[in-house]
Amino acid sequence: MKQLKIVVLAKQVPDTRNVGKDAMKEDGTVNRAALPAIFNPEDLNALEQALSLKERYGATVTVLTMGPSRAADVIREAMYRGADGGVLLTDRKFAGSDTLATSYAISCAIRKMGADIIVAGRQAIDGDTAQVGPQVAEKLGLPQVTYTEEIESLDGDKLTIRRHIEGGIERVTTTFPVVITVGSSAPVCRPRNAKCVMRYKHARTTSEIQALEEDYYPALREARGYLNIPEWGVADVDAEDASLGLSGSPTKVKQIENIVFQAKEAKKLTSSDEDINSLIRELITAHAIG
């Protein structure tokens, strides 16, 4: 059997634990410069499934992400954990893309890369739509398995997958190529591997090398091709400008409102009969119970 080609869709997202009044721009897009950037949590669950398949059956694992130059951090982080490489989709024309435009750009890139299995996190914490994975499957005309908890086995061209559904689990069998989305109930991703960190710590995109202006990087990349992280723009994936960015995004943010939660009056009660009776009378008076 030929070696499997697995593509992991990953996203660098703003850390929503640090959302403040500057988190959104006036046009309704996320102000990513105002928030710390992290590896989307469920994409790490997806990466673990890909790495597990690689260990058991042999495969190449390539990470595909879309974003500005700094999004290459996601690719390096994946390589430190066992991925073989990655591709950064970066172009000003991608800016402001909603899920429809994003999935279009990603599907164009996957057609160029080729893949047997595409694995993605169920959803990103900045949008919480859970739409990109299924939309990529639709655009590529591939079957999809969502809410995956574990890819249990591979037999020939068939995968057996355990899904986490409401009220229990479900096992499905599918052929590949296939798109799989993985939820947070799946095993957590393994930590960095020291050997991988040493091997890939100098992996850079062309833009990053130009920004660093270090003389030794070009020679290092030429000698060690695995340190090259390709950057693809709109022209590289044969995408149509009209289907990208804000012009290709039918989803529009109508209004943004900052809401500040303020603590109301609080009461501290003991377990005494007097305090409990007082609370019950107050709840009855307020028609909360009764």
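## Crossing of H3 and H4

In this predicted model, H3 passes H4 in a right-handed crossing (the near helix is turned clockwise from the far one by less than a right angle). Helix H3 covers residues 99-113 and helix H4 residues 132-140; their axes lie 9 Å apart at an angle of about 50°. Axes are lines fitted to C-alpha atoms over the stretch in contact, with angles from 0 to 180 degrees between N-to-C directions. Helices are DSSP runs of H or I with at least four residues, and strands are E runs of at least two.

On the H3 side, the contact (heavy atoms within 4.5 Å) includes Thr99, Leu100, Tyr104, Ile106 and Arg111; the H4 residues are Val132, Gln135, Val136, Lys139 and Leu140. The residues of this contact divide into seven nonpolar, five polar and two charged (Asp, Glu, Lys and Arg count as charged; Ala, Val, Leu, Ile, Met, Phe, Trp, Tyr, Cys and Pro as nonpolar; the others as polar).

## Nonpolar cores

The largest nonpolar core has 42 residues, and Leu47 is among those with the most contacts inside it. A second, separate core of 26 residues includes Tyr104 and Met113. Such a core joins buried residues (under 20% relative accessible area) through side-chain atoms within 4.5 Å.

## Arg224

Arg224 sits in the loop between helix H7 (216-223) and strand S11 (231-232). Its C-alpha is 9.9 Å from that of Tyr200, 24 residues away in sequence.

## Basis

Residues are numbered from 1 along each chain. Local features need pLDDT of at least 70, side-chain atom pairs count only at pLDDT 80 or more, totals for chains, interfaces and linings use all residues, and side-chain values use heavy atoms, without hydrogens and water.

Key. Buried < 20%, exposed > 50% of the residue type's maximum accessible area, 1.4 Å probe, protein only.
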